[in-house]
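Please open the model in a viewer and keep the sequence beside it.

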Amino acid sequence: MACALGYAEGGALARELGGARTICWALVLALPLTAAIAAASLASTPVSGVPGTAWAGFAYVSVFSMFLGFFAWYAGLARGGVAKVGQVQLAQPLLGLGWSALVLGEAVGPGTAAAALGVLACVVATQRARVERIPPPTPVPAAVAVAPGPGRSPRPVPAAPAAGGHPHGRADRAVG
């Protein structure tokens, strides 16, 4: 459930922040918890016997698959919508199963193949479903109170939009 919430919120944030900023902020916010878990793990497990190739593989997966891969993932969620693009991830285990059979010669039983095809059929069905994106509501400009002067009473004056009213992006003020 936490992963689903994270993907949904990340996809929504990626529309505003972009994919790179979304994953970077997620990592910054998760740092206290992940640093504490890593410190506890390092304290209880010696790492002196871990070969350099294992560390290189860990670094590769950390930087390319997880960190940089999420840039593209969140950008895709922002462009295509969480409901539609998020379903593509359900095909990932199927692809892993297929590649393990083709590349590594893993045996795939009939039950596993049937389950994989069922998941693939569900992914195809969700990709063909019509999803309507509801645009965000247009903000209504707040009223600006004009201070009363001699012989004037306070009255609300609609605020000018920030962009478009002045060539330098400043809002024009109503005086009167």
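Begin with the cysteines: the disulfide count comes to 0, a disulfide being a pair of cysteine sulfur atoms within 2.5 Å. Select Cys24, which is partly exposed at a relative accessible area of 31%, and then Cys122, also partly exposed, at 48%. Here buried means under 20% relative accessible area, exposed over 50%, and partly exposed in between, with a 1.4 Å probe and protein chains only.

Two remarks on the model apply throughout. It is predicted, so that local features need pLDDT of at least 70 and side-chain atom pairs count only at pLDDT 80 or more, while totals for chains, interfaces and linings use all residues. Residues are numbered from 1 along each chain as its sequence is written, and side-chain values use heavy atoms, with hydrogens and water left out.

Next, colour the protein chain by secondary structure. There are 6 helices and 2 strands, in the order α-α-α-α-α-α-β-β from the N terminus. Helices (H or I, at least four residues) and strands (E, at least two) are DSSP runs, numbered from the N terminus. Of the 176 residues of the chain, 11% count as buried. Among contacts with a separation of 6 or more, 55% join residues 24 or more positions apart; contact means heavy atoms within 4.5 Å.

Now select Ala14, Ile23, Phe70, Tyr74, Leu77, Ala78 and Val85, the 7 residues of the largest nonpolar core. Helix H3 (residues 52-80) gives the most to this core, with 4 residues. Such a core is a set of buried Ala, Val, Leu, Ile, Met, Phe, Trp, Tyr and Cys residues joined through side-chain atoms within 4.5 Å. Centre on Ile23: leaving aside neighbours within four places in sequence, Ile23 is in contact with Phe67, Phe70, Phe71 and Tyr74.

Move to Thr22, in helix H2. Is Thr22 buried or exposed? At 6% relative accessibility, Thr22 counts as buried. Its side chain reaches the backbone nitrogen of Ala14 at 3.4 Å. This is a polar contact, that is, a pair of N or O atoms within 3.5 Å; within protein, one must be able to donate a hydrogen and the other to accept it, and residues adjacent in sequence count only if both atoms are side-chain atoms. Beyond four places in sequence, the contacts of Thr22 are Gly10, Leu13, Ala14, Leu17 and Tyr74.

Finish at Ser100, in helix H5 (residues 92-104). Ser100 is buried, with a relative accessible area of 16%. The side chain of Ser100 reaches the backbone oxygen of Leu97 at 2.8 Å. Not counting residues up to four places away in sequence, Ser100 touches Gly105 and Glu106.
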